Amino acid sequence: MAFLAVLSAASTAFATNGMNLEGYGAKSHALGGTSTAYDTGNSGVTNNPATLGLREEGSSEIGIGIRGLHPDVNLGFNGVTTTESKGDSYYMPSLSYMRKDGKITWGFAVLAQGGMGTEYGENSSLFSYGMPMSKQGMVPLSGQDIRSEVGVGRLMFPVAYNLTENTVIGASLDFLWASMDLRMDMDGAHFGDMAMQGIGGKVSGSMFGTLGGMIGSSVRDIDYVRYDFSNDNAFLGEAIGYGTGFKVGITHRFGKFLTVGGSYHSQTRISDLETSKAVLSFAGKDAMNNSFTRSVNGTIKVRDFEWPATFAAGVALYPSERWMITADIKHIDWSSVMEKFSTSFTADNSLSNGPFAGQTLDVEMLQNWKDQTVISVGVQYRATDRLALRTGASFASNPVPDMYLNPMFPAITENHYTAGFGYRLSDRSSVSAALAWAPEVSETSDEGLEIGHSQLNWSLNYSHEL
């Protein structure tokens, strides 16, 4: 039952390095997210599976963890903050087991990979009207709940093999699930720009043709289009997809003073995120200039949602028995998977859907994220035989272009400063903790929307040797 609880809860996490967390496992987290060239414990399955082979032969270890993320997202216009996201606390458990038999280390782990999300609620000032989100000025939007939640979890099965006393190779086969909630208003001006001019994206499908035929006759203008698929579940979103991925890695020790490592995380292969409990709404003015709202029930698919490939290399230096200095460089290939946000909505064949029954609306919103390079450093000082003190930092660029800033997906944080400790409670058990601060990053869209995003995150792990 505990395993099932972790499995269901491990899919929700929020943006730090793009959609990646800044570190996996409390030890790596405290050391600035470095993880490629030293033993990070069971969390090595997420970082570099080859590091799992750096533990002692005959050891077996179970690990339990909890991660807390506390983003602070605010929106404004012309220097005035008008809306803050209420999504400021998210918690993610993890569970793992690793065992080393001779030269082979094997096991399993389940945890949250990452994601992003916001909670603006009802009647938020920037979402009650289309300004500044709309080029139409003060056009009323729905005033309903505005939120987003994207999460990815992994169930991982790693194997590491000690080729020699100093060289280890490792690999992991990963099974993934991704989920999404979305309650979002898109103002009519932006919808029209995408549909008629291809600015910022593209709109197509039979439903668009039917809607276009109404404009100028029974429909005068469209104020907004609203997407609504959300189950308000803190652990798993309404639209769900499943897939696979893999990792490979290597470590090599040059004597007692230097270890190097490298890893490759493949791009995932995830099915479309899908739910049959979606509602698409249109609101605007009819031919008599009266306001109207029309809601259509159906199935929505979020297409081509994938996690990017990641390349990493790192070093661990040991100037003395008490000191360890670590450094990593990672390249995250966001541009290959975050070019656009693509959805396909198909209306049910029900009478209530009227002329839209059985029809489809396809929408592509451009995102054009840039690739991200993350440089991390960390220092550990073993103060006593039981206590290790840790600190670090990571430095990255913002992958989201200003042109495509979106308050639903404000993944713009850059640098992180970290600290923590590890403490051996007994010969068999230990605890590690980490705290990370991401200073606020502020960006302004081409239309004047200002987004500020900072974070204060923590992690706690307990491990027990069996």
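Are Asp 181 and Arg 147 buried or exposed? Both Asp 181 and Arg 147 are buried, where buried stands for under 20% relative accessible area, exposed for over 50%, and partly exposed for what lies in between, computed with a 1.4 Å probe and protein chains only.

The model is predicted, so that local features are reported at pLDDT of at least 70 and side-chain atom pairs at pLDDT 80 or more, while totals for chains, interfaces and linings use all residues. Residues are numbered from 1 along each chain as its sequence is written, and side-chain values rest on heavy atoms, with hydrogens and water left out.

## Salt bridges

A salt bridge is taken as a side-chain nitrogen of Lys or Arg within 4 Å of a carboxyl oxygen of Asp or Glu, and a search of the whole structure finds 14 salt bridges. Helices (H or I, at least four residues) and strands (E, at least two) are DSSP runs, numbered from the N terminus.

| Pair | N to O distance | Separation in sequence |
|---|---|---|
| Glu 22 and Arg 67 | 2.9 Å | 45 residues |
| Asp 181 and Arg 147 | 2.9 Å | 34 residues |
| Asp 174 and Lys 247 | 2.4 Å | 73 residues |

Glu 22 forms its salt bridge with Arg 67; Glu 22 sits in the loop between α1 (2-9) and α2 (26-30) and Arg 67 in strand β1 (residues 60-69), so the pair ties together parts that are 45 residues apart in sequence. Glu 22 counts as buried at 4% relative accessibility, and Arg 67 counts as buried at 7%.

The side chains of Asp 181 and Arg 147 also meet in a salt bridge, and because Asp 181 belongs to strand β7 and Arg 147 to strand β6 (residues 146-162), this pair ties together parts that are 34 residues apart in sequence. Strand β7 takes part again through Asp 174, whose partner Lys 247 lies in strand β10 (residues 239-254), so that parts 73 residues apart in sequence are tied together; both Asp 174 and Lys 247 are buried.

Met 186 is found in strand β7, which spans residues 167-187, and at 7% relative accessibility Met 186 counts as buried. The C-alpha atoms of Met 186 and Tyr 224 are separated by 5.4 Å, although the two residues are 38 residues apart along the chain.

At the start of α5, a side-chain oxygen of Asp 187 reaches to within 3.0 Å of the backbone nitrogen of Ala 189. The buried residues of helix α5 (residues 188-197) are Gly 188, Ala 189, Phe 191, Asp 193, Met 194 and Ala 195, and the helix is followed by Gly 198, whose phi is positive, near 70°.

## Surface patches

Patches are built from residues with over 30% relative accessible area and no salt bridge, like charges being joined within 9 Å and nonpolar side chains (Val, Leu, Ile, Met, Phe, Trp, Tyr) within 5 Å. A nonpolar patch of about 720 Å² is made by Ile 329, Ile 375, Val 377, Phe 395, Tyr 417, Leu 435, Trp 437 and Leu 456, and the elements that give two or more residues to the nonpolar patch are β19 (372-382) and β22 (429-444). Val 377 is placed in strand β19 and, at 36% relative accessibility, counts as partly exposed.

A negative patch is formed by Asp 72, Glu 84, Asp 88 and Glu 440. Asp 88 lies in the loop between β3 (80-84) and β4 (90-101), and is partly exposed with a relative accessible area of 41%.

## Loops and backbone angles

Most residues other than glycine have a negative phi. Asp 304, although not a glycine, has a positive phi of about 60°; Asp 304 is located in the loop between β14 (291-303) and β15 (310-317) and counts as exposed at 53% relative accessibility. Asn 368, likewise not a glycine, has a positive phi of about 50°, lies in the loop between β18 (360-366) and β19, and counts as partly exposed at 30% relative accessibility.

Gly 79, in the loop between β2 (71-77) and β3, counts as exposed at 61% relative accessibility. Gly 79 and Thr 444 are 10.0 Å apart in space, C-alpha to C-alpha, and 365 residues apart in sequence.

Conventions. Areas by Shrake-Rupley, 256 points an atom, 1.4 Å probe, with all protein chains shown as cover. Lys, Arg positive; Asp, Glu negative; His and termini not counted. Charge placed at Lys NZ, Arg CZ, Asp CG, Glu CD. Polar contact = N/O pair within 3.5 Å; in protein donor to acceptor, adjacent residues only side chain to side chain.
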